[in-house]
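Subject: Structure handover, charged side chains

Hello,

Here is the structure for your files. My notes on its charged side chains follow below it.

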Amino acid sequence: MAANSNFMKEGRVGGQFWSVFIECPDTENIDDPSHVVRDTLEQIDVARRFIEMTPELKFCSTAADAVKAFKAGRIGSMLGAEGLHQTGSSIAVIRQLWDLGVRYITITHNSDNAYATAAATVTATGKDAGLSSFGASAIREMNRLGMMVDLSHASHRTMRQVLEITQSPVIFSHSTCYSLAQNYRNAPDDVIKALKSNGGVLMVMFVKRFLNAEDPDAANIETVVDHIMHIVDLAGWDHVGIGGDFDGTVTLANGISSVADYPRLIEAVMRRGATDNQVKKLVGLNILRVWAENERNAKRLADELPVEEVWEGRSWSRWNNPLPNMIPDNPDRIPAQDYQ
């Protein structure tokens, strides 16, 4: 494990998002039944219990909590869900994940969902349908809640469309730069530049093939710094962070095997001329700012009603009861056969 307690101490980790990830369902149609929501709830349950029983960690549900944990010498621990497929194509589930402590959700993982197109689909087919109208509704609800929108794994068209409509800064929880490694998984220059006006942050990961698409085995710490500095050149130091994708891959850049290697990475960044204040932004202040801005925007949007749109591709099963399902906009509910 690349992020155990000993490695975190050695790497001087002050805060970490733990991914409550479940793989995209292996189904022919998005609406096919799966256990992804149940499994996500179990991930949240075990993550919360793990954090609670580990003295070095402190569960944090706000940016201010993370700062307090850091000042108290504990590792702020937050939750993120890596894909809106984990909501079962239901905006209502986004609200429930928020209530359980999830503070960012990745729009897609490696497959399309009811909300948007994944980068992996563009790689496989060359087709990019971007953000769906239902996906736009989900972005509106995430903004209302204060849930950070994560554009890692999303297609380029999805990235651009989200940046056009979101009212809050976005994050890329673990991405790199398309112009340095031409894989659709990476963010193109125009999207990176747009972070300046959006206020968001792109957190650089350490996966070899996304750092160097032509010669992955050559990717090392200096390659990671190349991507960091490219973001700085395009958007500035306020819009770059670190999101290694530890324990999400085994193909890490040479010289980085765990969170214990963070000091070596920071040394390499400082050799490129970064100041102490710039490094502080890179390692934490930027993501904390984005998180806090999402919280402030949520307070501004507090008078808005919850988004109740239902995905148009949803099918409704028969419920043998004369009472209606408590789901808004359900004209297609199949009538119970035993009641007139």
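In these notes, a residue is buried under 20% relative accessible area, exposed over 50%, and partly exposed in between (1.4 Å probe, protein chains only). The model is predicted, so local features need pLDDT of at least 70 and side-chain atom pairs count only at pLDDT 80 or more, while totals for chains, interfaces and linings use all residues. Residues are numbered from 1 along each chain as its sequence is written, and side-chain values use heavy atoms, with hydrogens and water left out.

Salt bridges

The search of the whole structure gives 13 salt bridges, each being a side-chain nitrogen of Lys or Arg within 4 Å of a carboxyl oxygen of Asp or Glu. Helices (H or I, at least four residues) and strands (E, at least two) are DSSP runs numbered from the N terminus.

One of the bridges joins R271 and E222, at 3.3 Å from N to O. R271 belongs to helix α11 (residues 262–271) and E222 to helix α10 (residues 221–235), so this pair ties together parts 49 residues apart in sequence. R271 is exposed at 59% relative accessibility, and E222 is partly exposed at 30%.

E222 also pairs with R272, where the closest N and O atoms are 2.9 Å apart. R272 sits in the loop between α11 and α12 (276–300), so its bridge to E222 in helix α10 links parts 50 residues apart in sequence. The relative accessibility of R272 is 34%, which is partly exposed.

D238 and K281 form another salt bridge, with closest N and O atoms 2.6 Å apart. Because D238 is in the loop between α10 and β8 (240–242) and K281 is in helix α12, the pair connects parts 43 residues apart in sequence. Both are partly exposed, D238 at 32% and K281 at 30%. Through shared partners, salt bridges join E222, D226, R271 and R272 into one network.

R185 lies in the loop between β6 (171–175) and α8 (189–198).

Regards
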